[in-house]
Amino acid sequence: MNNDTQLMEPMPAPGPKPFETLWFPDGNIVLATDTYLFKVHKSMLSSQSSVFRDMFELPLVDGSQMDGHSGGMAPETFDGLPMVNLANDKGEDLACLLRAVYERQDNPQTPLNVVTSLLLLSTKYDFKHIRKDVIHQISIHYPMTLDNYGAMDESGSHLFGMLRTQCHFSLLGAAFTAQVDYLLPVLYYAASDFPADYILQQFTAGKISLECLKVLLIGREGLNSWMTIFVTTLRDMMASYRMTCPTPGCSLDIPPYSTKRFANTLDLKNIEGDKIMKECFTLLCPACSSHCAGKMDRWRNIVWDKVPILFRYPEWNVLRAKLEMVLSEDV
Ligand SMILES: [Zn+2]
């Protein structure tokens with residue numbers, strides 16, 4: 001009983017604690033989240049973010065105003081400094097953002113959770129240069145041409161501190177929320193080549209929203225139709241590609257069921273011309289093989305060109321132009 005009483009001694013009031021490395025002695029504003037407090041500089045935030053600049057210009061300094069809950073309440077203070085309550089943001093996310101504000105860097109080793117936090121919060125608070133840096137990083141790893149995409153997408157490759165395949169859904173969800181439309185089709189494509197139950201798991205884990213899931217499933221179905229055409233008409237396609245060939249033994253015959261293994265893939269890398277020739281059309285003479293491989297790769301590129309449209313976006317060159325415009329903006 002005594003022990004129980006001891007255990008029930010009053011605990012210090014739970015609440016956000018100062019974040020050590022973002023607690024500047026000469027800071028003149030405190031930002032509060034559910035877990036951490038940050039003592040930073042108004043001028044630093046104002047010079048980089050139009051949202052903070054506008055907020056600090058208001059006579060009443062209170063973050064609740066920006067979240068639409070303005071109720072004419074008195075401004076909060078902490079240690080005599082004005083305090084902005086950013087209750088809707090996670091402490092860890094805001095720490096990522098503020099670190100980027102104070103230590104500008106463009107590092108490909110940045111962990112995935114930092115990349116997504118930076119994208120979401122730089123968009124929310126309009127830190128244009130941080131947003132641009134993050135978009136630049138993501139775009140390098142998700143190029144919009146089939147060859148460049150394939151080169152990045154080696155199996156087992158790593159990105160942002162984890163397996164590349166584990167990044168797709170988090171990046172897709174963040175880019176969707178941050179409305180980086182021109183990066184979405186390539187991220188949708190990356191997220192398509194997974195079984196339905198895995199995709200639903202990503203949704204229930206909160207990585208993508210319902211709206212995002214819907215677009216993903218619709219586009220994925222379209223991609224699946226193209227791959228079905230590939231599997232069912234492969235031999236006919238090759239027959240139409242191949243010229244009359246005088247080489248003895250040159251034949252389009254393929255081992256039984258050899259196309260079956262392509263039935264479940266939505267990854268165009270798996271149907272590269274050379275690969276298809278080596279795995280299925282082993283009886284073609286070298287000239288026919290190389291000719292058909294080239295045709296096959298052209299067909300793959302036609303499907304790649306359809307990808308943005310399958311996800312209801314404009315074609316690649318429009319998306320690329322938009323990305324280039326954003327990256328060339330002086331912010
Ligand atoms: Zn031949």
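User: In this predicted model, are H11 and H13 roughly parallel or roughly antiparallel to each other?

Analyst: Helix H11, which covers residues 210-241, packs with H13 at an angle of about 160°, and the two axes are 11 Å apart. Since an angle over 145 degrees counts as roughly antiparallel, H11 and H13 are therefore to be described, relative to each other, as roughly antiparallel.

User: Into which kinds do the residues of the contact of H11 with H13 divide, and how many are there of each?

Analyst: On the side of H11 the contact is made by Gly219, Gly222, Leu223, Trp226, Met237, Met238 and Tyr241, while H13 contributes His291, Cys292, Lys295, Trp299, Val303, Lys306 and Leu310. Sorted by kind, the residues of this contact are nine nonpolar, three polar and two charged.

User: Is tryptophan 304 buried, partly exposed or exposed?

Analyst: Tryptophan 304 belongs to helix H13, residues 286-310, and, apart from its neighbours within four places in sequence, it is in contact with Leu146 and Leu268. A residue needs 20 or more C-beta neighbours within 10 Å to be buried and 12 or fewer to be exposed. Because tryptophan 304 has 19 such neighbours inside 10 Å, it counts as partly exposed.

User: Which strands stand at the edges of the open sheet?

Analyst: The open sheet is built from five strands in the order E1-E3-E2-E5-E4, and the pairing is mixed. A strand at the edge has a single partner strand, so one side of it is left without a neighbour in the sheet. The strands in this position are E1 (17-23) and E4 (76-78).

User: With which strand, E1, E2 or E3, does the direction of helix H4 make about 20°?

Analyst: Helix H4, residues 91-102, packs on the sheet, where it touches E1, strand E2 (29-32) and strand E3 (36-40). The strand whose direction makes about 20° with that of H4 is E3.

User: Which residue in E5 is the bridge partner of valine 30?

Analyst: In general, strands of a sheet pair through backbone hydrogen bonds, either parallel or antiparallel. Here E2 and E5 pair in the parallel sense over three bridges. In this pairing, the residue of E5 that partners valine 30 is methionine 83.

User: Which residue in the turn of the hairpin formed by E4 and E5 has a positive phi?

Analyst: Strand E5, residues 81-85, is joined to E4 by three bridges, and these two strands run antiparallel, with threonine 77 standing opposite proline 82. Between E4 and E5 there are two residues, and the turn residue with a positive phi, about 50°, is aspartate 79.

Key. Residues numbered from 1 in each chain as written. Predicted model: local features only at pLDDT ≥ 70, side-chain atom pairs only at ≥ 80, totals over all residues. Helix = DSSP H or I, 4+ residues; strand = E, 2+ residues; numbered from the N terminus. Contact = placed C-beta atoms within 7 Å. Axes fitted to C-alpha atoms, helices over the stretch in contact; angles between N-to-C directions. Parallel < 35°, antiparallel > 145°, perpendicular 65-115°, else oblique. Nonpolar A, V, L, I, M, F, W, Y, C, P; charged D, E, K, R; others polar. Pairing = 2+ DSSP bridges.
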